[in-house]
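Welcome! Please take a moment to look over the sequence and the 3D view before reading on.

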Amino acid sequence: MEVGNTIIRVCGIEKESIVDGPGFRYVLFVQGCPHRCRGCHNPESHDPNGGVEMTTGEVFAQIMENPHLRGVTFSGGEPFEQVHALLELAHMIRDAGLSLMSYSGYTLEELQARHDPETDELLGMLDILVDGRYVESLRNLTLIYRGSENQRVIDMNKTRDEGKVVLYQSDFDIEIVI
Ligand code: SF4
């Protein structure tokens, strides 16, 4: 199959967001999630047969329409249920010089334990991974980029460099302590 024709099942798109990662970002909400977290913010994303189909090329063309984007965020739904298609899209995004961030209801360790080459390759292309299920009892509205305290915002570049999980820290993104 020609590159750009792989199908992604899409729940929604936010063409310019400032709350789903650093800077202006295009957010791709993928369709299908097995985690069923209580209090999920996006229950319409759960059905793997719902949403609409788009090709990787169609999504990338939309991304390229906006010259002000700093990066792209994969959200959901569960992005790591559609690794093959998102990996193809990730290559296009990185080749265009944009940063890449993804959410996952799986932890980094759970994803690594798949021992799946495409999962590993996608993890290797991320700048930031927000990992772990949403836990309603740990909900905290003051957190940046995450909904509950168990979730981690992981700096994937430093994590690769240091060989251990390093959390993302930004000069601008200071969590409010109340
Ligand atoms: S991982 Fe995200 S989309 Fe999936 S059920 Fe949990 S909160 Fe909802």
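This report walks through the cores, a central helix topic, the charged pairs and a few backbone details.

## Before we start

This is a predicted model, in which local features need pLDDT of at least 70, side-chain atom pairs count only at pLDDT 80 or more, and totals for chains, interfaces and linings use all residues. Residues are numbered from 1 along each chain as its sequence is written, and side-chain values use heavy atoms, with hydrogens and water left out.

Helices (H or I, at least four residues) and strands (E, at least two) are DSSP runs, numbered from the N terminus. Buried means under 20% relative accessible area, exposed means over 50%, and partly exposed lies in between (1.4 Å probe, protein chains only).

## The nonpolar cores

Let us begin on the inside. A nonpolar core is a set of buried Ala, Val, Leu, Ile, Met, Phe, Trp, Tyr and Cys residues joined through side-chain atoms within 4.5 Å. The largest one here has 33 residues, and Ile-8, Leu-28, Ile-63, Phe-74, Phe-80 and Leu-89 have the most contacts inside it. Two or more residues each come from β1, β2 (25-30), α1 (56-64), β4 (71-75), α2, α3 (108-112) and α4. Helix α2 gives the largest share, eight residues.

Leaving aside neighbours within four places in sequence, Ile-63 is in contact (heavy atoms within 4.5 Å) with Tyr-26, Leu-69, Val-72, Leu-89, Ile-93 and Leu-98. There is also a second, separate core of six residues, including Tyr-103, Val-130, Tyr-145 and Val-153.

How does the span of α2 compare with what its 13 residues should give? The expected span is 1.5 Å times one less than the number of residues. For α2 that should be 18 Å, and its end C-alpha atoms are 18 Å apart, which agrees. Its buried residues are Val-83, Ala-85, Leu-86, Leu-87, Glu-88, Leu-89, Ala-90, Met-92 and Ile-93. They are covered by elements including β1, β2, α1, β4, β5 (99-104) and α4. Just after the helix, Gly-97 takes a positive phi of about 85°.

Ala-85, in helix α2, is buried at 5% relative accessibility. Not counting residues up to four places away in sequence, Ala-85 touches Thr-6, Ile-7, Ile-8 and Thr-56. Beyond its neighbours within four places in sequence, Thr-55 is in contact with Gly-4, Asn-5, Thr-6 and Ile-7.

## Charged pairs

Side chains of opposite charge can pair when their charged atoms come close. A salt bridge is counted when a side-chain nitrogen of Lys or Arg is within 4 Å of a carboxyl oxygen of Asp or Glu. How many salt bridges does this rule give? The count comes to six. One of them joins the side chains of Arg-9 and Glu-53, at 3.1 Å from N to O. This pair links distant parts of the chain, with Arg-9 in strand β1 (residues 7-17) and Glu-53 in strand β3 (residues 52-55), 44 residues apart.

Asp-131 and Arg-152 also meet in a salt bridge, at 2.5 Å from N to O. Asp-131 lies in strand β6 and Arg-152 in strand β7 (residues 152-155), so the pair ties together parts that are 21 residues apart in sequence. Asp-131 is buried, with a relative accessible area of 1%, while Arg-152 is partly exposed at 22%. Together with Glu-109, these two residues are linked in a network of salt bridges.

## Backbone details

Most residues other than glycine have a negative phi, and most peptide bonds are trans. Which peptide bond is cis? The bond from Gly-76 to Gly-77 is cis, with omega near 0°, and Gly-77 lies in the loop between β4 and α2.

Two residues other than glycine have a positive phi: Arg-36, near 50°, and Tyr-145, near 65°. Arg-36 sits in the loop between β2 and β3 and is partly exposed, at 49% relative accessibility. Tyr-145 sits in the loop between β6 and β7 and is buried, with a relative accessible area of 11%.
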